[in-house]
Amino acid sequence: MRSTQTWTDAVIESLQDLTPTVREFCIRPTGGLQRHAPGSHLQVQVLVNGKPQTRSYSLVGEPDGQTLRIAVKRLDEGRGGSLAMWQLAVGDRLQVSEPQNHFALDFNAPAYLLVAGGIGITPLVLMAQALASRSASTGQSVRMLYGARSETELAFLPQLRSSLGEALHTAVATPIDFAAEIAALPTGAQMYVCGPVPMLDAVRRAWEASARPQADLRYETFGSSGRFAPQAFRLQVPRHALDITVPADCSLLDALEQAGVQTVFDCNRGECGLCALDVLALDGEIDHRDVFLSGHEKRENKRICACVSRVLGSITLDSSYRPDA
Ligand code: FES
């Protein structure tokens, strides 16, 4: 049960492989569109195992008012959305939303630190370009740290080098000292981060330790960054007399919806917490993949964000939890 979504017909205009596992899609909505701001994303409907599912992808590249660009990392052990996207060809049609923005860039800070891990670079590309183009006239500084597992997986490197020059720092298979990076920032600086959950957790710990304002740390994540590869697990919901197996390629949220259990959700990315459900019993381990629950809450295992988090073993949930109830 999602907030109302309007879908538009679109056609794939071109495809480009940026790395061995990252493909850029240039999409042209048939009805035209409005220019989007840095941090915006696009909802896309894809058929996964014959069933329509929604995925969110950050918009990359300068908006031209006619086409939208997204970059999709192929995840062979993901929920199937990226593999479905990679099967699309130029000329194929699909349904997309209007651009939306839950990761807006505030242009009023004196300095910015952008941090990307892997495919988390996508929302930060346009931020980097927008900030770099203003910095000469505004005096605002911008620095980017871009981590990846290998050199070949550093997508958008030419564009970022062109915009940022010496302000771009890559870290290939090496940890980033977030405490030192944050300590070097001037007062009032803002930090924008997108990457896997363990990286975000490390950034959040370093930011909290620095005692800087919480509002100056902004982040976004993707729900594919768990500690374990997805596997099937048993799900019971006594309130609905439900006892099913959630397949490895299906999210907990989708399994609930397909079983007729309505669940409130919105972001589908582990950020808003609307889909969080009470855990009644757990036999095994929860692979918390959200950034909504605190570290303490994750260790307690009393709630689970159904849109992204998974289970190793079996879990019993109550479907009645609502954050604002
Ligand atoms: S829908 Fe937002 S955290 Fe799950």
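Modeller: Residues are numbered from 1 along each chain as its sequence is written, and side-chain values use heavy atoms, without hydrogens and water. In this predicted model local features need pLDDT of at least 70 and side-chain atom pairs pLDDT 80 or more, while totals for chains, interfaces and linings use all residues.

Biologist: Why are helix 2 and helix 3 called roughly parallel to each other?

Modeller: The axes of helix 2 (residues 122-138) and helix 3 (residues 157-164) cross at roughly 20 degrees. Angles under 35 degrees count as roughly parallel, so helix 2 and helix 3 are roughly parallel to each other.

Biologist: What makes the contact of helix 2 with helix 3?

Modeller: Contact means heavy atoms within 4.5 Å. Val-125, Ala-128, Gln-129 and Ala-132 of helix 2 meet Gln-159, Leu-160, Ser-163 and Leu-164 of helix 3.

Biologist: How many cavities of 30 Å³ or more does the rule give?

Modeller: The count is 2. A cavity is a set of points on a 1 Å grid over the protein atoms alone where a 1.4 Å probe fits but cannot get out.

Biologist: What volume does the largest cavity have, and which residues line the largest cavity?

Modeller: The largest cavity holds about 40 Å³ of space, where a volume is the space filled by probe spheres set on the points. Lining residues have an atom within 4 Å of a point; among them for the largest cavity are Thr-8, Leu-68 and Glu-98.

Biologist: Which strand gives the most to the lining of the second largest cavity?

Modeller: Strand 16 (residues 310-318) does, with 3 residues.

Terms used: Axes fitted to C-alpha atoms, helices over the stretch in contact; angles between N-to-C directions. Helix = DSSP H or I, 4+ residues; strand = E, 2+ residues; numbered from the N terminus. Parallel < 35°, antiparallel > 145°, perpendicular 65-115°, else oblique. 1 Å grid on protein atoms, 1.4 Å probe; cavity = no way out; pocket = protein on both sides within 12 Å on 5 of 7 lines; lining within 4 Å.
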